[in-house]
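Try each task before you read its solution.

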Amino acid sequence: EYAGIHYTPSIEIGDNVYIGRHAYFTTVDCIVIGDGCVLSDYVYLTDEFHGMDPEGASIMKQPLQSKGPVVIGPRCFLGFRVAVMPGVTLGEGCVVGTNSTVTRSFPSYSMIGGSPARLLKTYSHSEKQWLNVS
């Protein structure tokens with residue numbers, strides 16, 4: 001409960017998941033971490049944010065909101081200090097570079113990095129290698 005609103009959050013963690021030290025998850029909706037994921041140290045996952053009504057009460061008294069769940073697909077790797085923001089879904093086998101801020105969803109087998117994160121490479125199953133995005 002926060003600012004008089006009752007939430008029913010859930011965090012689902014699959015099998016064979018590694019979560020590094022000092023990981024921080026906040027949710028008012030749902031966070032899902034798929035089987036076989038590796039989350040490095042200081043990873044931050046959140047599906048929430050404070051209301052930002054400029055005519056409302058102070059920010060700490062405004063209700064929390066969600067843009068939807070955070071879903072980390074199976075066998076993803078999130079590097080050191082990655083932040084994944086509300087409503088993001090990462091497909092299977094995504095790789096997220098160190099210090100990246102993920103503000104939108106990416107399909108399976110994407111290699112992404114930056115702040116905000118952008119697509120760097122995609123994995124080709126037929127060529128069995130990561131290919132640069134043109």
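## Exercise 1: Thr46 and its surroundings

Task: locate Thr46 in strand β6 (residues 44-46), then work out whether Thr46 is buried or exposed and which side chain makes a polar contact with its own.

Solution. Keep in mind that this is a predicted model.

Step 1. Thr46 sits in strand β6, which covers residues 44-46.

Step 2. The relative accessible area of Thr46 is 0%. Buried means under 20%, so Thr46 is buried.

Step 3. Now look for the polar partner: the side chain of Thr46 makes a polar contact with the side chain of Thr26, at 2.6 Å.

Step 4. Finish with the wider surroundings. Setting aside neighbours within four places in sequence, Thr46 is in contact with Thr26, Ile31, Val70, Val84, Met85 and Pro86.

## Exercise 2: The nonpolar core

Task: find which residues of the largest nonpolar core touch the most other members, and list the contacts of Leu78.

Solution. 

Step 1. The largest nonpolar core has 21 residues, and those touching the most other members are Leu39, Leu45, Ile72, Leu78, Val84, Leu90 and Val102.

Step 2. Next, ask which elements give two or more residues to this core: they are β4 (30-33) and β9 (70-72).

Step 3. Zoom in on Leu78. Leaving out neighbours within four places in sequence, Leu78 is in contact with Val38, Leu39, Ser40, Val43, Leu45, Ile72, Val84, Leu90 and Val96.

## Exercise 3: A parallel sheet

Task: give the order of the strands in the open sheet of 4 strands, and say which are the edge strands.

Solution. 

Step 1. Read the order across the open sheet: β1-β4-β9-β12, with parallel pairing.

Step 2. The edge strands are β1 (10-13) and β12 (89-90), since each pairs on one side only.

Step 3. Check one pairing more closely. Strands β1 and β4 run parallel and are joined by 4 bridges. Ile13 stands opposite Ile33 in β4. As a reminder, strands of a sheet pair through backbone hydrogen bonds, either parallel or antiparallel.

## Exercise 4: Salt bridges

Task: find how many salt bridges a search of the whole structure gives, and describe the residues that form them.

Solution. 

Step 1. The search of the whole structure finds 2 salt bridges.

Step 2. In one, the side chains of Arg21 and Asp41 meet at 2.9 Å, N to O. Arg21 lies in the loop between β2 (18-19) and β3 (24-26), and Asp41 in the loop between β5 (38-39) and β6, so the pair ties together parts that are 20 residues apart in sequence.

Step 3. Compare the two partners. Arg21 is exposed, because its relative accessible area is 56%, whereas Asp41 is buried, at 13%.

Step 4. In the other, the side chains of Glu92 and Arg75 meet at 3.2 Å, N to O. This pair links distant parts of the chain, 17 residues apart: Glu92 is in the loop between β12 and β13 (95-96), and Arg75 in the loop between β9 and β10 (77-78).

Step 5. Glu92 counts as partly exposed, at 30% relative accessibility, and Arg75 counts as partly exposed, at 48%.

## Exercise 5: The whole chain

Task: summarise the secondary structure and state what share of the residues is buried.

Solution. 

Step 1. The chain has 0 helices and 17 strands.

Step 2. Of its 134 residues, 36% are buried.

Step 3. The chain exposes about 7,600 Å², and carbon and sulfur atoms supply 53% of that area.

Key:
Residues numbered from 1 in each chain as written. Predicted model: local features only at pLDDT ≥ 70, side-chain atom pairs only at ≥ 80, totals over all residues. Heavy atoms only, no water. Buried < 20%, exposed > 50% of the residue type's maximum accessible area, 1.4 Å probe, protein only. Polar contact = N/O pair within 3.5 Å; in protein donor to acceptor, adjacent residues only side chain to side chain. Contact = heavy atoms within 4.5 Å. Core = buried A, V, L, I, M, F, W, Y, C linked by side-chain atoms within 4.5 Å. Pairing = 2+ DSSP bridges. Areas by Shrake-Rupley, 256 points an atom, 1.4 Å probe, with all protein chains shown as cover. Salt bridge = Lys/Arg side-chain N within 4 Å of Asp/Glu carboxyl O.
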